[in-house]
Amino acid sequence: MKKIVIVMPSYNEAANIGKMIDVLFEKEFQKIKDADMHLLVVDDNSPDGTGEVVKRAQKKYKNLHLLTGEKQGLGMAYVRGMKYAMNTLHADATIEMDADFQHNPIYVKDLVNAFLEGADYVIGSRYVAGGSIPKTWAWHRRAVSFWGNLFARTVLFLPKLHDVTTGFRLTKVKGVLDHIDLDHLMELHRFAFKVDLFYQSVNLSKKTVEVPIAFGTRKEEKSKFSLMEMVATNKVVLLLRLRASQKLIKFGIVGFIGFVINAGALAFFSNLRFPEAASWALSTELAIISNFTLNNIWTFRAEKIEGLSQLIKKFLQFNLTSSGALVIQTVLGALMVRFFGDHRTIFLLIIVVFVVLPYNYFMYNYFIWKKKK
Ligand SMILES: Nc1nc2c(ncn2[C@@H]2O[C@H](COP(=O)(O)OP(=O)(O)OP(=O)(O)O)[C@@H](O)[C@H]2O)c(=O)[nH]1
Ligand SMILES: [Mg+2]
């Protein structure tokens with residue numbers, strides 16, 4: 001049976017936590033027969049005695065766990081909790097959930113069911129049919145949530161997912177959560193870290209599913225929603241975009257250097273009166289060596305190939321990939337000239353930009369410098 005741990009940070013939630021624990025264990029967990037459900041409360045020594053409430057409840061529920069520590073912000077609490085869930089409790093999946101009933105416990109079973117049906121990442125989504133944000137929210141808060149979400153989806157190019165900033169979600173451990181460098185997420189002291197975690201999880205997950213949730217209003221205390229949170233979230237979105245584009249930019253620069261080497265060497269060998277075919281072959285191979293080396297130590301630094309035998313194997317593969325590009329370029333070029341006439345330069349440009357570069361980028365990412373899973 002799969003073990004699922006709800007990681008629930010709490011700070012001054014004494015008014016909510018007791019009821020939350022009871023509702024989960026007495027009601028919601030009872031509805032889930034096919035998973036071993038646990039709750040881990042990560043309390044940062046709340047002065048209002050939240051931790052004491054949990055400790056008392058632990059006598060009643062054996063699957064209730066408590067992790068205490070210094071207050072270092074929401075992200076840090078989640079990171080500590082998720083590590084504990086993975087390393088100590090050996091969870092198969094974790095659920096992020098708030099203690100203040102804004103995340104209605106009735107949706108836990110929907111998240112769990114989607115996971116049991118094969119999803120690696122399940123998002124509790126407010127912006128799909130059946131989901132909603134609180135009717136009581138002021139118009140400006142609704143607008144910020146809606147537009148902020150649309151902005152993040154657009155910039156991160158996630159047209160299929162509707163709620164990028166939700167805090168209620170389930171993550172499979174193997175292959176997703178255990179592949180994320182939790183300690184180095186951005187903005188760990190505030191809510192914005194959730195977007196970084198989201199983007200990395202989506203990229204690692206083979207199957208991401210959205211289930212609708214109606215997001216609730218806070219029952220106790222007043223809201224901490226602020227302009228700073230909004231700015232931080234947008235900053236994370238832009239930095240994530242930059243980080244994702246970085247590879248593409250480096251790939252372009254390396255390709256350009258390769259082109260310069262190719263052209264320079266070709267002129268050099270021709271001047272030395274090398275046989276024509278030898279000049280082309282030599283200069284092309286020099287460009288291939290340069291591309292392979294620079295991509296390995298720079299563009300794909302995170303997936304760097306090391307060790308002589310691996311380097312040789314991958315270099316041969318890289319040559320094969322490059323030959324593939326040459327074949328594509330030759331065949332397409334010849335066909336275009338045949339059917340559309342004598343516009344070689346334009347055709348070359350079209351083929352390189354729209355076919356050869358995407359082909360290379362794809363092959364590099366998925367075959368040569370495949371992400372270490
Ligand atoms: N352990 C820990 N928990 C925290 C911390 N900050 C917030 N929490 C908890 O994280 C959850 C979400 O925090 P909230 O303060 O409700 O944040 P929010 O929902 O964005 O904002 P509100 O509208 O104020 O509810 C709640 O269960 C909090 O008790 C923290 O620094 N440490
Ligand atoms: Mg809240």
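In which strand is the place of T208? I looked this up at the outset and found T208 in strand 7, residues 208-212, where strands (E, at least two residues) and helices (H or I, at least four) are DSSP runs numbered from the N terminus.

**Conventions**

I note that this is a predicted model, in which local features need pLDDT of at least 70 and side-chain atom pairs count only at pLDDT 80 or more, while totals for chains, interfaces and linings use all residues. Residues are numbered from 1 along each chain as its sequence is written, chains are lettered from A and ligands numbered from 1 in the order in which they are written, and side-chain values use heavy atoms, with hydrogens and water left out.

I looked up the exposure of T208 and found a relative accessibility of 24%, which counts as partly exposed; buried means under 20% relative accessible area, exposed over 50% and partly exposed in between, with a 1.4 Å probe and protein chains only. Setting aside residues up to four places away in sequence, I found T208 touching Y121, I123, L161 and V202, where contact means heavy atoms within 4.5 Å. The C-alpha atoms of T208 and V122 are 5.8 Å apart, although 86 residues separate the two in sequence. I also recorded a polar contact of 2.9 Å between the side chains of T208 and S205; the term stands for a pair of N or O atoms within 3.5 Å, and within protein one must be able to donate a hydrogen and the other to accept it, with residues adjacent in sequence counted only if both atoms are side-chain atoms.

I then turned to S125, which lies in strand 5, residues 121-125, and which counts as buried because its relative accessibility is 0%. Beyond residues up to four places away in sequence, S125 touches G131, H162, D163, E210, V211, P212 and I213.

**The two ligands**

Around ligand 1 I found 18 residues, of which E13, D44, K71, Q102 and R218 come nearest; a residue is near a molecule if one of its heavy atoms lies within 4 Å of it. A side-chain N or O atom of E13 lies 2.5 Å from an oxygen atom of ligand 1, and one in the side chain of D44 lies 2.6 Å from a nitrogen atom of the ligand. On its own, ligand 1 has 630 Å² of accessible area, and the protein covers 90% of this, with areas taken from the Shrake-Rupley method with a 1.4 Å probe. Strand 1 (2-10) and helix 3 (74-87) are the elements that give two or more residues to the shell around ligand 1.

I next checked ligand 2, a magnesium ion coordinated by D100 (OD) and Q102 (OE1) at 1.8 to 2.0 Å. Donors here are N, O and S atoms within 2.8 Å of the metal (3.2 Å for Na, K and Ca), and water is not among the atoms, so sites may look incomplete. Both D100 and Q102 are buried.

I asked whether the length of helix 5 (residues 139-155) fits its residue count: at 1.5 Å a residue its 17 residues should span 24 Å, and its end C-alpha atoms are 24 Å apart, which agrees; the expected span is 1.5 Å times one less than the number of residues. The buried residues of helix 5 are R141, S145, N149, A152, R153 and V155, and they pack against helix 7 (227-271). As background, residues three or four places apart point the same way because an α-helix has 3.6 residues a turn. Just after helix 5, I noted that F157 takes a positive phi of about 55°.

In helix 7 itself I looked up N234, which is partly exposed, with a relative accessible area of 25%. In helix 9 (residues 308-340) I looked up T321, which is buried at a relative accessible area of 6%. Apart from neighbours within four places in sequence, T321 is in contact with Y359, N360, M363, Y364 and I368.

**Positive phi in loops**

I found N45 in the loop between strand 2 (35-43) and helix 2 (50-58), with a positive phi near 45° in a residue other than glycine; at 42% relative accessibility N45 counts as partly exposed. E187, likewise not a glycine, has a positive phi of about 55° and sits in the loop between strand 6 (169-172) and helix 6 (193-204). I recorded E187 as buried, with a relative accessible area of 15%.
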